[in-house]
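The points after the lead sentences are grouped by topic.

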Amino acid sequence: MKPLTNEEQVNYMKEALVEANYAWMIDEVPIGAVVVHDGQIIGRGHNLREHGQDATMHAEVLAITEACEYLHSWRLWDCQLFVTVEPCLMCSGAIINSQLPEVYFGARDPKAGAVRSLYTVLEDDRLNHRVNVTEGVLQEESSTIMKEFFKTIREKRKKVKRNGGN
């Protein structure tokens, strides 16, 4: 697999940020992901947990599912995953099980991140598959969208509280 240039990494992460913005527009936590194969995006996803009332509807899982359908295979060899925020344990498991060789993420998640923050699951030698990880691609943009989303949520809650719950 040909190494991606910095420009390619940025362009794919911009597409993941588009997905994150779609999530925000529908009041979901703004995390977006894309799966790339041979220079083409074959899977897209953004968080849909609230809309689906399904804990597994994370951006990464949805993008992986779409990519598997596209390739007619559960093995995502020769693919890359771009995600705006560090994957959690569940998503890291999906990454390992789909045998993705490369993951790029924007911002760390100090409360749930399983790639660098709390754990290093994707690079654990005890597992049968290890993943090359690149972090910090459009880190500032990825971090900002999350901070702004939660700031907006806090402001809405304060406003509701001030208005007596109305």
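Helices (H or I, at least four residues) and strands (E, at least two) are DSSP runs, numbered from the N terminus. The model is predicted: local features need pLDDT of at least 70, side-chain atom pairs count only at pLDDT 80 or more, and totals for chains, interfaces and linings use all residues. Residues are numbered from 1 along each chain as its sequence is written, and side-chain values use heavy atoms, with hydrogens and water left out.

**Loop residues with positive phi**

- Most residues other than glycine have a negative phi, and most peptide bonds are trans.
- His-72 is found in the loop between H3 and strand S3 (79–85), and its phi is near 55°, a positive value in a residue other than glycine.
- His-72 counts as exposed, at 73% relative accessibility; buried means under 20% relative accessible area, exposed over 50%, and partly exposed in between (1.4 Å probe, protein chains only).
- Gln-53 lies in the loop between helix H2 (49–52) and helix H3 (59–71).
- The phi of Gln-53 is near 45°, also a positive value in a residue other than glycine, and the residue counts as exposed at 63% relative accessibility.

**Annotated domain and active site**

- An unreviewed UniProt entry carries the annotation "domain: CMP/dCMP-type deaminase" for residues 7–118.
- UniProt positions are given in the numbering used here, feature names are shortened, and annotations may be inferred rather than shown by experiment.
- Residues 7–118 are 40% helix and 23% strand, and the end C-alpha atoms of this span lie 29 Å apart.
- The UniProt annotation "active site", from an unreviewed entry, covers Glu-60.
- Glu-60 lies in helix H3 and is buried, with a relative accessible area of 3%.
- Leaving aside neighbours within four places in sequence, Glu-60 is in contact (heavy atoms within 4.5 Å) with Ile-31, Ala-33, Leu-81, Val-83, Val-85, Pro-87, Cys-88 and Cys-91.
- The C-alpha atoms of Glu-60 and Gly-136 are separated by 17 Å, and the two residues are 76 residues apart along the chain.

**Salt bridges**

- A salt bridge is a side-chain nitrogen of Lys or Arg within 4 Å of a carboxyl oxygen of Asp or Glu.
- A search of the whole structure finds eight salt bridges.
- One of the salt bridges joins Glu-15 and Arg-44, with the closest N and O atoms 2.7 Å apart.
- Glu-15 lies in helix H1 (residues 6–25) and Arg-44 in strand S2 (residues 40–46), so the pair ties together parts that are 29 residues apart in sequence.
- Both partners count as partly exposed: Glu-15 at 26% relative accessibility and Arg-44 at 30%.
- Arg-126 forms a salt bridge with Asp-124, the closest N and O atoms being 2.6 Å apart.
- In this pair Arg-126 counts as exposed at 76% relative accessibility, whereas Asp-124 counts as buried at 18%.
- Asp-125 forms a salt bridge with Arg-130, where the closest N and O atoms are 3.7 Å apart.
- Asp-125 counts as exposed at 64% relative accessibility, and Arg-130 is partly exposed with a relative accessible area of 40%.
- A network of salt bridges links Arg-108, Arg-116, Glu-123 and Glu-135.

**His-129**

- His-129 has its place in the loop between strand S4 (102–107) and strand S5 (132–135).
- At 15% relative accessibility, His-129 counts as buried.
- The side chain of His-129 reaches the backbone oxygen of Leu-100 at 2.8 Å. This is a polar contact, a pair of N or O atoms within 3.5 Å; within protein, one must be able to donate a hydrogen and the other to accept it, and residues adjacent in sequence count only if both atoms are side-chain atoms.
- Apart from neighbours within four places in sequence, His-129 is in contact with Ile-95, Ile-96, Gln-99, Leu-100, Pro-101 and Leu-122.

**Nonpolar surface patch**

- Val-18, Tyr-22, Met-25 and Ile-26 make a nonpolar surface patch of about 360 Å².
- Patches are made of residues with over 30% relative accessible area and no salt bridge; like charges are joined within 9 Å, and nonpolar side chains (Val, Leu, Ile, Met, Phe, Trp, Tyr) within 5 Å.
- Accessible areas come from the Shrake-Rupley method with a 1.4 Å probe, and for residues only the protein chains shown count as cover.
- Tyr-22 is found in helix H1 and is partly exposed, with a relative accessible area of 39%.
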